[in-house]
Amino acid sequence: MADASAPPRLPEKLRQIVRGCDIAARRYGSSAPGVLLHLARLYLRQRIGPRDALRMGLADPATSPEALSGCVSKARLVSLQRRVNPDDLFWLTGDKAMFNSRCLQVGLPVARTLAVFDPTTGPAAGGNVVSSRTAWEEFFSTQLPREFIIKPARSGFGEQVHFFERTADRFQNSEGTYSAANLYDLLASDVRHKQFVIQERLESHPELVRLSGTPFLQTVRMTTFVDDKGRAEVLYVNFKIITGTNVIDNFRHGKTGNLVSNIAIDTGVLGAAMTIAPDGVGVVRVDAHPATNVQIAGFQLPFWGEAVALARSAAELFLPLRTLGWDVALTPTGPVIVEANHLWDPLPMLLVGPQAPGVTRHGMHVMLDRLHGSA
């Protein structure tokens with residue numbers, strides 16, 4: 001039986017903030033109450049949440065008002081995006097099956113869709129309607145290639161993206177080995193997602209494999225804005241770099257251990273990479289990839305001119321959505337669109353002002369100016 005005299009347990013998010021304040025106080029030579037008061041003021045003035053502020057390295061009470069004035073809250077960015085992107089057009093990018101279909105209709109290169117799994121409606125798979133469990137198992141057994149990707153049709157942050165390899169009649173991912181029947185049950189029993197997209201696996205360009213030592217896909221985030229005359233600009237770009245045993249490049253607020261590097265838009269050259277400190281407080285600069293020791297700053301991305309042209313062309317073809325965050329794969333044969341986000345969720349260190357490593361005026365703040373001028 002619980003001790004009635006014990007103090008109530010704090011909610012997890014609040015515990016994280018309290019722990020972060022203790023760490024920040026030791027790091028910055030302050031006190032935990034002083035850090036907490038500073039975070040409260042930052043939230044009241046600029047709507048930057050305390051957990052984002054801790055991750056971004058903004059928790060030092062001695063940070064100057066001038067430096068803080070250049071910071072941008074996620075809430076402000078999302079609000080501006082919603083003013084130029086109609087919410088009722090979410091499906092254009094939010095539904096991966098519909099997004100891929102639209103890309104094909106307008107001639108944009110995307111990963112080939114092998115099937116859209118939905119046991120309740122029986123959508124087309126490989127040109128044929130598959131509407132029963134037996135038919136799906138037969139499709140899995142005979143039509144899927146040696147390597148493929150399965151992901152929910154509506155999800156974000158790399159949630160439940162699975163890379164599969166098949167050997168004869170078995171399918172293997174990082175979690176186990178499945179028969180066709182097991183694979184059907186895995187998808188059909190998901191309580192959160194009712195529809196899945198099954199796609200070909202795209203290959204990374206050999207130069208990206210050399211950089212990170214992994215064959216898994218690493219994408220460029222290309223954020224675009226279309227002006228009142230229908231002309232698209234690429235205003236902010238970054239590259240997500242896989243580390244460790246990860247098979248996807250998602251950052252997830254630093255929890256995956258992956259890295260992110262800002263890119264010079266005009267050249268496609270990487271800056272030093274960044275990640276969140278292991279203790280969750282502040283941004284850490286990473287100069288060389290931890291597995292390959294290849295220098296990240298100065299690394300030239302392949303097919304850069306083609307990638308920028310593709311993002312601009314795609315942005316103009318997806319009007320009336322005027323700002324989108326495109327995830328573009330750089331493959332051995334050129335850039336390919338993986339997906340787009342109509343509410344592009346900036347990484348924590350990308351919300352901050354020019355005082356942060358790699359963040360310049362020509363980037364997030366130019367995007368902010370465009371959004372604010374059109375809102």
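Arg146 is exposed because its relative accessibility is 52%, where exposed means over 50% relative accessible area, buried under 20% and partly exposed in between, with a 1.4 Å probe and protein chains only. The side chain of Arg146 meets that of Glu147 in a salt bridge with an N to O distance of 3.4 Å, a salt bridge being a side-chain nitrogen of Lys or Arg within 4 Å of a carboxyl oxygen of Asp or Glu. The model is predicted, so local features need pLDDT of at least 70 and side-chain atom pairs count only at pLDDT 80 or more, while totals for chains, interfaces and linings use all residues. Residues are numbered from 1 along each chain as its sequence is written, and side-chain values use heavy atoms, with hydrogens and water left out.

**Salt bridges**

- The structure holds 18 salt bridges, and one of them pairs Asp185 with Arg133, whose closest N and O atoms are 2.7 Å apart.
- That pair links distant parts of the chain, since Asp185 belongs to helix α9 (residues 180-188) and Arg133 to helix α8 (residues 133-143), 52 residues apart; helices here are DSSP runs of H or I with at least four residues, strands are runs of E with at least two, and both are numbered from the N terminus.
- Asp185 is partly exposed, with a relative accessible area of 34%, and Arg133 is partly exposed at 34% relative accessibility.
- Asp327 and Lys240 also meet through their side chains in a salt bridge, at 3.3 Å from N to O; because Asp327 lies in strand β14 (residues 323-331) and Lys240 in strand β10 (residues 232-241), the pair ties together parts that are 87 residues apart in sequence.
- Both Asp327 and Lys240 are buried.

**Nonpolar cores and surface**

- The largest nonpolar core has 41 residues, and those with the most contacts inside it are Met222, Phe239, Leu301, Trp304 and Trp326; such a core is a set of buried Ala, Val, Leu, Ile, Met, Phe, Trp, Tyr and Cys residues joined through side-chain atoms within 4.5 Å.
- Helix α11 (residues 304-317) gives the most to this core, with seven residues.
- Apart from this core lies another one, of 18 residues, which includes Leu144, Ile150, Phe164 and Tyr184.
- Trp326 touches, among others, Phe99, Val220, Met222, Ala311, Phe318 and Ile337, not counting residues up to four places away in sequence, contact being defined as heavy atoms within 4.5 Å.
- Trp91 lies in helix α6 (residues 91-94) and counts as partly exposed at 38% relative accessibility.

**Buried strand residues**

- Thr223, in strand β9 (residues 219-226), is buried with a relative accessible area of 3%, and its contacts include Glu233, Tyr236, Leu324, Trp344 and Met367.
- Ala272, in strand β12 (residues 270-276), is buried with a relative accessible area of 17%.
- The C-alpha atoms of Ala272 and Arg285, 13 residues apart along the chain, are separated by 6.6 Å.

**Backbone details**

- The peptide bond from Leu319 to Pro320 is cis, with omega near 15°, and Pro320 sits in the loop between α11 and β14.
- Arg47, in the loop between α2 (32-46) and α3 (50-56), has a positive phi of about 60° although it is not a glycine.
- Ala168, in the loop between β5 (162-167) and β6 (170-173), has a positive phi near 55° and is exposed, with a relative accessible area of 63%.

**Overall composition and confidence**

- The protein comes to 12 helices and 15 strands, and buried residues make up 50% of its 375 residues.
- The average pLDDT is 83, and 86% of the residues score at least 70, pLDDT being the predictor's confidence in each residue, from 0 to 100.
- Over residues 348-362 pLDDT stays under 50, and the model has 48 contacts beyond four places in sequence for them.
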